Amino acid sequence: MSQSHLIDVSELSALLAQPQPPGRLVLIDCRFDLVQPEWGYAAYQHEHLSGAIYLSLDSDLSAPLTGSNGRHPLPSPEDFAATLARTGVGSASQVVVYDQGVAMMAARLWWMLRWIGCGNVRVLDGGLAAWQAAGLPLAASDHALAQELSPSEAEPLDVKLQTGMLRSAQQVLQALGEGGQILLDARAEERFRGDVEPLDPVAGHIPGALNRPFMQNLMPDGRFKSASQLKHEFETLLQGRPATQLVHQCGSGVSAAVNMLAMEIAGLTGSSLYAGSWSEWVSDPSRPVAAYGTALNKQGVT
């Protein structure tokens with residue numbers, strides 16, 4: 001078991017105190033609020049880790065919406081690699097990502113970097129909240145991408161796509177009921193049951209899915225539970241089945257990455273992500289839906 005996917009504030013502080021070759025260590029601030037999309041950009045402008053660049057979930061970590069590809073569809077690997085290269089991430093970079101301390105956005109970016117073959121990426125455990133709690137210094141900026149490089153200065157970044165990390169809606173649909181797929185929904189219990197649905201037009205969940213709200217991976221201070229505790233909890237959920245059978249999903253492919261990161265911390269490797277998740281799933285009314293709750297779906301189904 002290893003926690004190499006995480007870096008704590010004391011280790012990062014010591015790392016930042018050491019001289020670094022250009023492009024060797026890249027800090028990425030990806031704070032975001034689903035209800036207030038502009039908040040993360042404004043918070044970054046107010047204060048951030050010195051030298052960090054900012055990437056937005058909506059504009060940098062997602063592709064344009066089509067109405068059928070979910071609320072936060074993945075950009076193409078090439079487009080994402082181009083975004084990273086402009087911000088100084090090269091194939092030899094060590095990347096540290098952080099959000100406000102909820103782990104959602106940082107885990108999404110961690111997953112995306114690994115998906116295109118950037119394996120040297122770690123999440124700041126506890127996010128900016130942990131950094132502030134430790135009394136460590138922050139910097140201010142008047143503009144969000146001050147460190148962005150011109151195309152001629154961009155570091156080379158070779159895309160080595162890890163295709164096994166991603167599942168499509170069609171793959172998930174084809175595997176329903178066959179016994180070789182374990183779907184794990186990271187949304188809150190009330191959304192999974194179908195009691196409420198504040199974001200998507202249909203309430204409920206994909207038939208056969210299990211529920212583990214992503215916050216169950218964190219301690220009250222926002223840091224991840226120990227590797228041994230996470231291993232115990234996920235092995236209880238798996239009930240002897242291999243981690244490779246598990247497919248993570250949520251509302252739009254963001255919080256699901258927290259469950260995946262937690263499994264990797266626990267040494268349970270090989271699970272995958274259905275990135276389109278519930279928001280993509282319900283865009284096609286022919287796909288089956290299950291619900292235990294009483295929320296009235298906008299399509300007229302409970």
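Which residue lies over the face of Trp281? Select Trp281 and you will find Arg287 there, at 5.8 Å from the ring centre. A charge counts as over a ring if NZ of Lys or CZ of Arg is within 6 Å of the ring centre and within 35 degrees of the ring normal.

Before moving on, note that this is a predicted model, where local features need pLDDT of at least 70, side-chain atom pairs count only at pLDDT 80 or more, and totals for chains, interfaces and linings use all residues. Residues are numbered from 1 along each chain as its sequence is written, and side-chain values use heavy atoms, leaving out hydrogens and water.

Next, select Phe234: Arg212 lies over its face, at 4.3 Å from the ring centre.

Now for ring pairs. Searching the whole structure gives five aromatic pairs. Rings of Phe, Tyr and Trp (its six-membered ring) pair if their centres lie within 6.5 Å; planes under 30 degrees apart are stacked, over 60 edge-to-face, and the rest tilted.

Select Tyr41 and Tyr54, an edge-to-face pair with 6.3 Å centre to centre and 80 degrees between the planes. Tyr41 is in helix 2 (residues 39–46) and Tyr54 in strand 3 (residues 53–54), so the pair ties together parts 13 residues apart in sequence. Helices (H or I, at least four residues) and strands (E, at least two) are DSSP runs, numbered from the N terminus. Tyr54 is buried, at 4% relative accessibility, while Tyr41 is partly exposed at 37%. Buried means under 20% relative accessible area, exposed over 50%, and partly exposed in between (1.4 Å probe, protein chains only).
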